Amino acid sequence: MTKTSDFDDKVNYSGDFKGNYSSTGYSRLAKSLIDIVKEQQAKLGYRKEIVRLYYPLSTLSHFFECAGTDNKIATGVISEQQMLEILAPDNLPKQLTDTIGEIKVTARNERFCIEIPPEGSEYVHENTADNEFISGLIELVGTHGCTMEQITELFYKYSDDIEKKDMQNGEFDCYIRFLNNPDDIYYYCFHDEGCHIIYHRFLPQDYADFGF
């Protein structure tokens, strides 16, 4: 791999998505991309097509706060241009491009569009296990008359170690999350709109940033 910036010396590219590589910012990004594509495929079905996902700069910055205290990237103060450099084609590790393909990244006003090629959609469909929980949650919230009690029971079906708390912010009614599950660290935030329940899930750092 050709180095084009100083952060290459600070990031460990060893391992794979299930090993040491999961500690790097690129692997955090890859896991997020795959999780979202899997969620979309559970909702809409699979098609071998381009997928465009959107991230604020703050979320991408969180992914790369793993390089060590001696690295300026670890401070969390990353400009839009610096992030574009981090995600430039020459800087993407082979482990990422060999799986979800040659992603394309553009940005405007600190909002990033990450374009995953059709091969990436195909990889997620054919090479990652179905997320039974997400599929069950999507099916449940799409059912007329779904209740929060039913949603809570679904979480307990997959783990006895969960946390559920009320939210008084006018946007969501409560969140539920799995505890001690490194494969699913999201905050699932729910709102009962009367006729149905909607949800959004947030990474812990994003949840903290929003100040819910």
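Start with the second largest pocket, which has a volume of about 610 Å³. This is a predicted model, where local features need pLDDT of at least 70 and side-chain atom pairs count only at pLDDT 80 or more, while totals for chains, interfaces and linings use all residues. Residues are numbered from 1 along each chain as its sequence is written, and side-chain values use heavy atoms, with hydrogens and water left out.

A pocket here is an open set of points on a 1 Å grid over the protein atoms alone, where a 1.4 Å probe fits, with protein on both sides within 12 Å along at least five of seven lines; lining residues have an atom within 4 Å of a point. Volume is the space filled by probe spheres set on the points, joined across faces, edges and corners.

**First stop.** Select I36, E39, H200, R201 and F202: of the 22 lining residues, these lie nearest the centre of the second largest pocket. Next, colour α1, β1 (51-56), α2, α6, β7 (197-202) and α8 (204-210), the elements that give two or more residues to this lining. Helices (H or I, at least four residues) and strands (E, at least two) are DSSP runs, numbered from the N terminus. Which element gives the most to this lining? It is α1, with 6 residues.

**Second stop.** Now move to the largest pocket, with about 1,300 Å³ of space. Select K31, I34, D35, K38 and D183, which lie nearest its centre among 40 lining residues. Show α1 (25-44), α2 (57-63), α5 (118-127) and α6 (132-141), each supplying at least two residues of the lining. Here too α1 gives the most, with 11 residues.
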